[in-house]
Amino acid sequence: MPKQAAEVRRHNFSEVALGYSVEHAVEEARRCLNCKKPKCVLGCPVEIDIPGFIRCIAERDFSSGVSVLKEKNLLPAICGRVCPQEEQCEETCILLKKGGQIAIGRLERFLADWEARQGELEIPKSPAATGKKVAVVGGGPAGLTVAGDLIKLGHQVIIFEALHKMGGVLIYGIPEFRLPKAIVSREVDYLKKLGVEVITDFVVGKTRTVDSLLQEFDAIFIGSGAGLPWFMDIPGENLNGVYSANEYLTRMNLMKGYLFPRFPTPIKEHKRVAVVGGGNVAMDCARTALRLGAEARIIYRRSRQELPAREEEVENAEEEGVIFDFLTLPIRYIGNENGWIKEIECLRMELGEPDSSGRRRPVPIEGSEFILPMDAAICAIGNSPNPLIAASTPGLEVGKRGNIVADEESGKTSRERVWAGGDVVTGAATVILAMGAGRKAARSIHEHLSSL
Amino acid sequence: MFKLLETQMIVPNIHLVTLEAPAIASEIRPGQFVIVRAEEEGERIPLSVSDWDREKGTLTIIFMNVGNTTGKLASLRGGQNLPTVVGPLGNATEIEKFGTVLCLGGCYGIGSIFPIARGLKEKENKVITVIEARSSYLCYWEEKLEQVSDRIVSITRDGTKGYRGHVDRLPEIIKSLDEPVDRMIINGCTFLLKKGSDASRPLGIKTVVSLNPIMIDGTGMCGVCRVTVGGSTKFACVDGPDFDGHQVDWAELLQRRRTYMPEEVTSMRTSRCEEHVVKR
Ligand SMILES: Cc1cc2nc3c(=O)[nH]c(=O)nc-3n(C[C@H](O)[C@H](O)[C@H](O)COP(=O)(O)OP(=O)(O)OC[C@H]3O[C@@H](n4cnc5c(N)ncnc54)[C@H](O)[C@@H]3O)c2cc1C
Ligand SMILES: Cc1cc2nc3c(=O)[nH]c(=O)nc-3n(C[C@H](O)[C@H](O)[C@H](O)COP(=O)(O)OP(=O)(O)OC[C@H]3O[C@@H](n4cnc5c(N)ncnc54)[C@H](O)[C@@H]3O)c2cc1C
Ligand code: SF4
Ligand code: FES
C-alpha cells in the first residue's frame, strides 16, 4: 500500500499509510480464491464474511461490500487500520504459504474509507422503543460496540465516559499518524445520530457508583479498559522527564500537545528520548517523540523477534529512524542537579530458557552495565485495569491483576445486571477483541432485557 | 457544559466561581477536588471544591490566577459555560472526632479548608483555624470560617493582621492554646504545606496535607501526579490528595511541579496579549 515517504512523514503527524486506490483495491480483491471453506474467517475474532466483502470489491459493488463488513464489525475504518491482521485473518489465508496472502486489512480499510467519501451515512429508521435503559461505562471500542448494537434493538443507551472526549484508547492513545482522530469522531457521531446519549466528564465510581446507576438502569456494561500505567519500580523513576506512556500519549493525542502553544497543554521538546518496552504502545511513543524532533530509541529486554508490536509498525519505526536497543534492561535513571533525567543506566541481556509465555527469558549479563545519555524516558511496559470501579462496587469479582471477572461467552459478571468486556476483563489486548466482547455482551444483555 | 452562576474576584488575584454541577454536588465531600477545563481544547486543571449546595446542585471554587487556565477562568462571567467539570475526585479528608484540630489554610486553601473545618465541627471537634496570607488585604472568608471554628488566628507576613511572619510562628500559636493539638490539616500552596509540616514535626502532631502536583486526568490513568510518600510512589489523584505531611518527599514534589515552568511562561506570552489585541 502506498505510504508517505519515511523522510517526509517523520516530520508530520498525518497518516502514514495512504490507502488503496479503487483500481489497486479491485486488483487485490481479484486475487482472492473465494475459498469454499475460507480459512481467513477462522482467524478473524468476529468472523467477518471476508470472501464475501472481497467479492463485492472485485465486482465493484462497494456499497454491498460495506454492508457485509458491517454485519460483523461496527468500526471497519478503525479495524482496517489497527488490527494485527498478520496474526489473524491474513495469517490463516490460504495464499500465505504461497507467499501472497490477501491484504485483507487494507481492503477492509478501503471499503470503510469509500463509504466515508460517499457523504453522510444514512440513518436507519429507529426501531420501536423497548422502554429498557442500559448504561455503558467507557467510550472505547467495547463500549461503542455495545451501545451501537443495543440502540439498534430499540433500547435506550447512555454512555458514561470519564474523559472529555469519547473513543478510549482510540482517542487518547493511538496517535493521529496511525489512526486519524476524525475517523473516531465520525463513528461516535454516527452512534449519536442513532440515538445513543453520551455523557462525558463522568467517572463511574466517583460521580456515581455502579449501584447508584443500577437503580435507574435495567443493565450496565462496564468497558472501562486497562488504563492504569505500570512503572518498573527502579531508582529515579520520579525524575522530571520520566513519563508513563499514557501521560506522554495523552498529552499528545487527547490534549494535542504537539500543537502547543495553540493548544495550551504543554509538551517538552526533548532531544534524546528512550522508550522502554516493545509493544504497539512503545512504537507509538517513539514515533511520536521522533516527530517532535527528538532522537528516539526503543529499549527492549528481548530481541527483535520477540517484539510484541505489529510487524508493520516495527518496520515503519525502523524506516523513520527509531533506534532499537535490543536485549537491554534499564536499571536506574540518573538525574541532574535540577531533578531532570540525564542518563539511563542499563544492563545487557541474553536469551535463556523459554518462560511461561513461551518466549525465551531474558537474563542479565553480569558486569555489562552501561550508560545512555538521555533527556527523557517513557515507560511503556504495560497497563492494568483501573481499580476505581471494582473498588466502589461491592460483590464485583476481580482477578489478580484487577481485571473484572466476566463470562467469556456472555460477558456476565458476578453481579446481577452487570456485564463487562474488553481490556477491563482481558487486560490490555486489541481493538477487535474488545469489540468482539462488546458484541457478545450486547447479545446477552438483549436476551436479559427481552426476558423482563 | 457546566453553567457558571457567579464569578467574583474576592481579594486581589483570588477568584471565586459558583457553578452548576448537580451530580458532583450531591456526592462531594470535604477535601475532594474537580478537574476543570475553562475552554474547548483547554488544559485540564485540578481545583479543590471550597463549598457546595446539594439542593441547588452548585459548587463553589476558589482559585488563584497563576497562569493560562486560571487566567482564562478568571475572565469568565456568570452565564458562561465550562466545557469540563469532572469529579468529585480524590479521597475525602479523614474526618473523625479527633479532639482539637488545627486547620491551616493559605491562598486558595483558606477557601478549601472551610468544608473540612465545617465537617470537623459537625463531628464535635474543637476547631482552631489559622489563616496565612501575605497581608491583611489578602484574607477572606473569615466570617464564614468563624461560624465553624472555635477560634480564628491570622498570620500575615507584614503583620497587618494577627501574627507577623509565616508558619514558623505556628509553635507559638499552638503553645498559646489551652489544650494540646491532636491533629493538623493544611491546604494551600506546596510551600505552605511543607513549612507547616516542618513546624509540626518536632511537636509530634499528626499533620495531613492536601498535595497539589501536576495532574491531567485525575483518575489514575497518566501517573503525572506521582509523589513519594513514606518511600513509596503514590498517585496523588487517586491515593490522595491527602497524605501525612511528615512522610512526603517535598524536594521531589517541588521539583516535579516545576516541570513545565518554561512552557507555562510561553503559554502566557502567546495566549494572552495577542489574543486580546486581535479581539479589540
Ligand atoms: C498506544 C496504544 C496503541 C495500541 N495499538 C493497537 C493496535 O495497533 N491494534 C490493536 O488492535 N490494539 C491496539 N491497542 C490496544 C487497544 O487500543 C485496546 O485493546 C482497546 O482500545 C480496548 O478497548 P476497551 O473499549 O476495552 O477500552 P479503552 O479503549 O481503554 O476504553 C475505555 C474507556 O473507558 C473510560 N473509563 C475508564 N474508567 C472509567 C470510569 N470509571 N468511568 C467512566 N469511564 C471510564 C476510559 O476513559 C476510556 O475512554 C493499543 C493500545 C494503546 C494504549
Ligand atoms: C488536588 C489539587 C487541588 C487544587 N486546588 C486548587 C484550588 O482550589 N485553587 C487553586 O487556585 N489552585 C488549586 N490547585 C492548583 C491548580 O491546579 C494550579 O494552580 C493550576 O493548575 C494552574 O494552572 P494554570 O494553567 O493557570 O497555570 P500554569 O500555566 O499551569 O502555571 C503557572 C505558574 O503558576 C505556578 N503554579 C501552579 N499552581 C500553583 C499554585 N497552586 N500556587 C502557586 N503557583 C502555582 C506554576 O508552577 C507556574 O509557574 C490544586 C491542585 C491540585 C493538584
Ligand atoms: S483464505 Fe485468503 S484466498 Fe481464501 S477466501 Fe480468505 S482471503 Fe480469500
Ligand atoms: S492525574 Fe493522571 S494519574 Fe493522577
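Strand S9 of chain B, residues 100-106, is largely enclosed by the rest of the structure, because seven of its seven residues are buried. The model described here is predicted. Both faces of S9(B) are covered. On one side lie Thr100(B), Leu102(B), Leu104(B) and Gly106(B), and on the other Val101(B), Cys103(B) and Gly105(B), all of them buried.

S9(B) has parallel partners. Seven bridges join S9(B) to strand S10 of chain B, residues 126-133, in the parallel sense. In this pairing Leu102(B) stands opposite Ile128(B). S9(B) also pairs in the parallel sense with strand S13 of chain B, residues 183-187, over five bridges. There Gly105(B) is placed opposite Asn187(B).

**Interface of chains A and B**

Contact between the chains involves 42 residues of chain B and 39 residues of chain A. Together the two chains bury about 3,300 Å², with 55% of it on carbon and sulfur atoms. Met221(B), Arg226(B) and Tyr260(B) supply 21% of the area that chain B buries against chain A, more than any other three residues. How many salt bridges cross the interface of chain B and chain A? The rule finds zero there.

**Salt bridges**

Over all chains the count comes to 42 salt bridges.

| Pair | Closest N to O distance | Relative accessible area |
|---|---|---|
| Lys3(A) and Glu319(A) | 3.4 Å | Lys3(A) 34%, Glu319(A) 40% |
| Glu320(A) and Arg287(A) | 3.0 Å | Glu320(A) 2%, Arg287(A) 0% |

Lys3(A) forms a salt bridge with Glu319(A). This pair links distant parts of the chain, 316 residues apart: Lys3(A) is in the segment before helix H1 of chain A, and Glu319(A) is in helix H15 of chain A. Lys3(A) is partly exposed, and Glu319(A) is partly exposed as well.

Glu320(A) forms a salt bridge with Arg287(A). Glu320(A) lies in helix H15 of chain A and Arg287(A) in helix H14 of chain A, so the pair ties together parts that are 33 residues apart in sequence. Glu320(A) is buried, and Arg287(A) counts as buried too. Salt bridges that share partners join Glu320(A) and Arg287(A) into one network whose members also include Lys3(A), Glu319(A) and Asp284(A).

**Ligand 3**

The residues around ligand 3 include Cys32(A), Cys35(A), Cys40(A) and Cys93(A). Among the others are Pro38(A), Pro51(A), Ile102(A) and Ile104(A). By class, this shell has 11 nonpolar residues, no polar ones and no charged ones.

Key
Residues numbered from 1 in each chain as written. Chains lettered and ligands numbered in written order. Predicted model: local features only at pLDDT ≥ 70, side-chain atom pairs only at ≥ 80, totals over all residues. Heavy atoms only, no water. Near = heavy atom within 4 Å. Nonpolar A, V, L, I, M, F, W, Y, C, P; charged D, E, K, R; others polar. Buried < 20%, exposed > 50% of the residue type's maximum accessible area, 1.4 Å probe, protein only. Helix = DSSP H or I, 4+ residues; strand = E, 2+ residues; numbered from the N terminus. Pairing = 2+ DSSP bridges. Contact = heavy atoms within 4.5 Å. Buried area = accessible area lost by both parts, 1.4 Å probe. Salt bridge = Lys/Arg side-chain N within 4 Å of Asp/Glu carboxyl O.
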